[in-house]
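Colleague: I am new to this structure and would like to go through it with you. Could you take my questions one at a time and show how you reach each answer?

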Protein chains: 2
Amino acid sequence: MASFLELISFIRTEVNRDLTRLPIPEKPAYLYNPIRYVLRGKGKRFRPILVHLAGRANHADPESLMKIALAVELLHNFTLVHDDIMDNDDMRHGQPAIHTKWDDSTAILAGDGINAIAQILLSGLPDRSNAICRFFNQATLEVCEGQALDKEFENDVSITEDQYLEMIGKKTGSLLGACAVLPATLIGCHQDDIDHFDQFGRALGNGFQIHDDLLEIYGNPEDMGKSLGSDIAEGKQTMMVIKARNQFEKEWGEIIADSTAPDLMEKIRSFFTKSGIESETKLMAESYFNSARKSLDKINDLNREELNGFVNLVENRTY
Amino acid sequence: MASFLELISFIRTEVNRDLTRLPIPEKPAYLYNPIRYVLRGKGKRFRPILVHLAGRANHADPESLMKIALAVELLHNFTLVHDDIMDNDDMRHGQPAIHTKWDDSTAILAGDGINAIAQILLSGLPDRSNAICRFFNQATLEVCEGQALDKEFENDVSITEDQYLEMIGKKTGSLLGACAVLPATLIGCHQDDIDHFDQFGRALGNGFQIHDDLLEIYGNPEDMGKSLGSDIAEGKQTMMVIKARNQFEKEWGEIIADSTAPDLMEKIRSFFTKSGIESETKLMAESYFNSARKSLDKINDLNREELNGFVNLVENRTY
């Protein structure tokens with residue numbers, strides 16, 4: 001396992017290095033300063049790492065893989081820059097978001113520029129660039145659909161688990177699906193296997209997001225201040241909140257009635273545990289991770305060890 | 001000439017028809033309602049018309065041309081949707097801009113979705129899709145650079161004619177260059193000819209924009225209210241304003257000193273005429289249109305009649 005973690009760390013370092021080596025011009029500063037700033041942010045680089053692992057499992061050309069990996073990371077960052085404006089999120093990857101450090105106009109344009117750079121990278125692929133560009137942009141459109149659902153669901157207390165799963169499937173699952181599919185497309189995999197890669201990445205993505213919902217509540221107790229508690233009381237949707245609202249309408253309503261209570265976060269956490277929502281949600285995440293592993297098992301002639309290692313890593317992450 | 005205008009009108013109708021036939025889903029409504037709204041707007045469709053004419057001059061496949069034409073029109077509209085947020089422009093193509101009718105978040109996401117749809121269209125080209133996608137996205141990045149310069153130049157009274165020309169070259173010229181280059185790339189033209197198509201489109205684009213600056217002042221007297229005059233007095237940059245500021249600093253300063261004067265627009269117009277700025281600017285536009293024609297003349301085996309007709313049309317437009 002030590003060597004697998006070393007591999008992950010090595011890929012992350014390579015991705016970060018190549019992100020800073022992208023030929024970003026100096027001028028106009030209005031466009032390129034914020035883009036350079038985003039590329040220096042401390043992302044976890046899960047998506048480009050998954051591209052490389054899926055490519056290694058398929059013996060794909062490392063240079064082409066890196067182009068896809070960087071394009072996927074750029075796409076992810078372009079959507080984050082725009083989402084942060086829409087969602088009024090002020091911090092991103094340990095630094096002020098662009099729209100906070102500069103302004104909304106700067107952030108809109110930086111996101112557009114990052115997306116164009118991603119597309120230029122993909123157009124430099126020697127093989128099967130058509131199919132790769134098509135899948136990449138279908139995933140982009142699906143991420144936009146997920147963000148649209150997220151905006152539609154804001155403050156809507158009638159949202160069901162299925163609607164939430166559809167939203168995270170589009171917002172997170174579709175891009176993780178693309179991370180697994182694009183390397184398979186690069187080497188010309190059979191359509192059945194491409195479908196399995198897609199199912200693998202999407203299941204991993206949904207597991208990732210539900211695990212994220214859990215981590216937000218239980219992951220890092222010292223970080224948990226009033227802000228998350230009041231966000232939840234004021235309508236932030238997560239899988240656990242939806243379960244609480246739908247299964248325990250009265251008790252849940254009483255807990256979040258006072259969004260300024262100093263012990264609000266502790267009350268929420270202990271309610272999720274006692275009501276069984278914590279364990280129910282953990283089982284749900286686990287079932288997505290298992291479904292991801294099963295999709296891998298269906299693919300012939302695949303070196304699946306590293307991809308399974310990656311699923312374990314995502315499943316067991318604590319930050 | 002009648003038949004040429006009929007051709008233009010025919011192409012515009014076909015483009016509008018195919019824009020409304022794009023398979024835009026119903027849901028999520030948050031994303032797709034604004035996108036449908038934009039596609040119904042009354043654009044002049046100059047860019048997709050130029051794509052078709054450049055393609056006809058090269059005997060390119062009409063179906064592929066239409067994909068490129070629609071992608072270019074979508075790109076143009078995506079940047080307008082985002083620019084309108086950045087520039088606080090409330091109206092677009094005869095209807096409220098998306099950020100006015102809905103809000104900024106809706107407009108940001110709609111722009112991103114329109115761009116993704118453009119990219120998906122291009123990835124469906126049967127031939128030379130790599131080179132086409134690369135040029136298309138390099139043009140997109142250059143349009144972003146142009147918008148960045150436009151933002152940098154806001155309220156900067158030291159801007160020179162050269163800086164203004166660089167800005168409009170990126171914001172308008174680069175995309176008109178792409179309209180001429182993409183059909184030539186589609187049929188695999190020699191690089192020398194591609195460069196000439198690029199020069200043709202860029203010169204046409206700069207002529208178009210400078211002519212637009214003139215039309216804004218002299219085009220439609222009954223439309224000219226206080227709004228344009230006060231925009232100019234408050235720092236809007238056009239070629240004529242820059243000439244006035246740099247050549248007649250004192251007189252110009254006196255004219256725009258009172259941005260609420262009821263006869264401000266008439267004063268500005270008559271100053272541009274008497275000072276020779278109007279005729280100087282007309283000569284400048286004319287020289288770009290002539291340069292566009294000369295670039296066409298350098299291309300071998302080209303049926304350049306319709307493209308020259310298009311230059312005449314742009315040069316003589318009154319709205």
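Colleague: Is Asn155(B) buried or exposed?

Modeller: This is a predicted model, and what I say is computed from it. Asn155(B) has 9 other C-beta atoms within 10 Å, and a residue counts as exposed if that number is 12 or fewer. Asn155(B) is therefore exposed.

Colleague: Where does Asn155(B) lie, and what is its phi?

Modeller: Asn155(B) is placed in the loop between H7 and helix H8 (161-186) of chain B. Although Asn155(B) is not a glycine, its phi is positive, at about 60 degrees.

Colleague: In which loop is Asn155(A) found?

Modeller: Asn155(A) has 9 C-beta neighbours inside 10 Å and so counts as exposed. Its phi is near 60 degrees, which is a positive value in a residue other than glycine. As for its place, Asn155(A) is found in the loop between helix H7 (129-153) and helix H8 (161-186) of chain A.

Colleague: What rotation superposes chain B on chain A, and how are the two copies related?

Modeller: Chain B is superposed on chain A by a rotation of 180 degrees with 0.0 Å of shift along its axis, and the RMSD is 0.0 Å. The two copies are thus related as by a two-fold rotation axis. The same surface serves both copies, for 100% of the contact residues of chain B recur in chain A. The rotation asked for is one of 180 degrees.

Colleague: Which helix gives the largest share of the side of chain B that touches chain A?

Modeller: The contact involves 34 residues of chain B and 34 residues of chain A. On the chain B side, the elements that give two or more residues are helix H2 (29-39), helix H4 (62-86), helix H6 (104-122) and helix H7 (129-153). The largest share, 15 residues, comes from H7(B).

Colleague: Why do the buried residues of H12(B) line one face of the helix?

Modeller: Helix H12 of chain B covers residues 249-256, and its buried residues are Trp252(B), Ile255(B) and Ile256(B). The face turned away from this buried side carries the exposed residues Lys250(B), Gly253(B) and Glu254(B). Seen down the axis of H12(B), the buried residues line one face because they fall within an arc of 85 degrees.

Colleague: What is the radius of gyration of chain A?

Modeller: Chain A has 15 helices and two strands as its secondary structure. The globule rule gives 20 Å for 319 residues, and the value for chain A is close to this, so the chain is as compact as a globular protein of that length. Its C-alpha trace spans about 60 × 50 × 35 Å along the principal axes. The radius of gyration of chain A is 20 Å.

How values were computed
Residues numbered from 1 in each chain as written. Chains lettered and ligands numbered in written order. Predicted model: local features only at pLDDT ≥ 70, side-chain atom pairs only at ≥ 80, totals over all residues. Buried ≥ 20, exposed ≤ 12 C-beta atoms within 10 Å, placed from the backbone. Helix = DSSP H or I, 4+ residues; strand = E, 2+ residues; numbered from the N terminus. Arc of directions from axis to C-beta. Least-squares fit on C-alpha atoms with pLDDT ≥ 70 in both. Contact = placed C-beta atoms within 7 Å. Rg over C-alpha atoms; globule rule 2.2 N^0.38 Å.
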